[in-house]
Amino acid sequence: MPKRKLDPLPQAAFHILLALADEDRHGYGIMREVAERTGNKVRLGPGTLYGSIKTLLEAGLIEELDDHPDPELGTERRRYYRLTASGRTLAQSQAQQLAAVLRIARSKKILRGAHV
Amino acid sequence: MSEKFYNWLLKLYPPRFREEYGDAMQQAFRDRLRTEPLFRLWLDVLRDLAISVPREFRRPPASASEPGVYRFSDSAVRKMMSRGHADLRTMLLPLVAGALIAWAGDAQLWLSIFVYSLLALFLLRMFFRRGGVRGHWHGYEVVLEEDRISYRNHGVVRVTINRSEITGLHETGDFGLAILGPTVDPTPAAPGVHEVRAHRRGPIWSAGEGQIAIWAPAVLTGYAELRNRLAAWAPVIHEDVGVSQGRMLHRWHVQMFLGSFYVSALLVRSHDWLLALASICGAFLIFLAVVVLRDAGLPRFLKLIPFALLLLLAIKVVFALA
């Protein structure tokens, strides 16, 4: 069931996997990371974020860690998430697919400039 | 203020999702409230709600593959909604009555009323099939663990009975098993007595004082297996074939028939369309009040007030038309 939902991988789910690639984060941390990395072009709302997290958890692509507070955000306990090995593999394969598409777009001269 | 409103909006999500992630979503909203302009935040949140709420309702229950969880299959849902031949009887009832009345009085007028009545019934059935029931049935699950049985709706456990405390298993016609026992749920809907209901069509089984009941309907996926496992727990299954099934269907037919007849008679006989429309809206609101009050833990005389209002309205309309 989850495999069907994640094939193709939705944009929000891919961004969450990327946000968790370098460190464990809580929900708001993921939101902030995604917004920063995309220059505020992708802003995940709470419903989309936790809906995607639920799907990724069911598929075993991320895992939930014990609650603990974020020192930057006060004493409230937060649910942290970590990328699993299969989550990392899926993110890598998705990134490679996108890179291949990007190469084709460049060869067709659809995309120009160093920023792409 | 914003936070309270967002907490209220979270009620739009399915209960199971809300239970799992409601607190985390509130916290994420609070965090964004501290750092983002209010207008942009609400724009994001409303767009997010419009996308994510329907998606969560479409999400198939993960419990389908959990061992010990019994839920309705898709075909069972359709079967429960259409009720097979019961549908046909509901449609035929006004036709037969219409033919009899037409024979006794103004044939053309009364026949036209009953044609409209049939049309109204058809539309009502379409409405109930498409929107009203499907989601409700899909959320119904009976969870059989090693030492207890629970009923849960959209993942939220409503009632639990321990294995050693089952006081009775009653098989009620096509409706399946009513499992009785004392509740261990600290907040039952009505302490002491709990009615097992088939959606909103009426009670199937009323548990006695100090008891609670879980209904395992016959159309549950794996019903036979569930029944066998329960029989091993409490070897005597009392058969109460047709205890309340007939009465319930009868009441449903009568309600449908009276409702459609009332609307049709108004449309055909009344020359004042505004009055007819207002009367139909009034009757509908009263009917909604009946449905809401029926499930509320109120004294019986209070529940009868909407019925009395409905009766008064019907009498007034009949006199106005005469």
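This is a predicted model: local features need pLDDT of at least 70, side-chain atom pairs count only at pLDDT 80 or more; totals for chains, interfaces and linings use all residues.

Mentor: Residues are numbered from 1 along each chain as its sequence is written, while chains are lettered from A and ligands numbered from 1 in the order in which they are written.

Trainee: What pLDDT does chain B average?

Mentor: The term pLDDT denotes the predictor's confidence in each residue, from 0 to 100. Chain B averages 68, and 41% of its residues score at least 70. Among the elements of chain B, the lowest mean pLDDT, 51, belongs to helix 5 (residues 85-104) of chain B, and the highest, 87, to helix 8 (residues 223-233) of chain B. Residues 83-89 of chain B stay under 50 and have five contacts beyond four places in sequence in the model. Residues 198-202 of chain B are also below 50, with eleven contacts beyond near neighbours in sequence. Two residues are in contact if their C-beta atoms, placed from the backbone, lie within 7 Å. For the complex, the predictor gives an ipTM of 0.84 and a pTM of 0.48.

Trainee: How many helices and strands are there in chain B?

Mentor: Helices (H or I, at least four residues) and strands (E, at least two) are DSSP runs, numbered from the N terminus. Chain B has eleven helices and ten strands. Of its contacts between residues at least 6 apart in sequence, 65% join residues at least 24 apart.

Trainee: At what angle do the axes of helix 1 and helix 2 of chain B cross?

Mentor: Axes are lines fitted to C-alpha atoms, for helices over the stretch in contact, and angles run from 0 to 180 degrees between N-to-C directions. The axes of helix 1 (residues 2-9) of chain B and helix 2 (residues 15-35) of chain B come within 10 Å and cross at roughly 150 degrees. Helix 1 of chain B is therefore roughly antiparallel to helix 2 of chain B, a word that applies to angles over 145 degrees. In this contact, Ser2(B), Glu3(B), Tyr6(B) and Asn7(B) of helix 1 meet Gln26(B), Phe29(B), Arg30(B) and Leu33(B) of helix 2.

Trainee: Which residues in helix 2 of chain A are buried?

Mentor: A residue is buried if 20 or more other C-beta atoms lie within 10 Å of its own. In helix 2 (residues 11-19) of chain A, seven of the nine residues are buried, namely Ala12(A), Ala13(A), Phe14(A), His15(A), Ile16(A), Leu17(A) and Ala19(A). Their packing partners in chain A include helix 4 (46-58) and helix 5 (85-107). In chain B, 22% of the 322 residues count as buried.

Trainee: Is Thr48(A) buried or exposed?

Mentor: Thr48(A), in helix 4 of chain A, is buried because 25 other C-beta atoms lie within 10 Å. Not counting residues up to four places away in sequence, Thr48(A) touches Ala12(A), Asp48(B), Ile51(B) and Ser52(B). Thr48(A) and Ala13(A) are 35 residues apart in sequence and 9.1 Å apart in space, C-alpha to C-alpha.

Trainee: How many residues of chain B are in contact with chain A?

Mentor: There are 19 residues of chain B in contact with 18 residues of chain A. On the side of chain B that touches chain A, helix 2 and helix 3 (38-58) of chain B each supply at least two residues. The largest share, ten residues, comes from helix 3 of chain B.

Technical notes:
A residue is buried if 20 or more other C-beta atoms lie within 10 Å of its own, exposed if 12 or fewer, and partly exposed in between; C-beta atoms are placed from the backbone. Angles under 35 degrees count as roughly parallel, over 145 as roughly antiparallel, 65 to 115 as roughly perpendicular and the rest as oblique.
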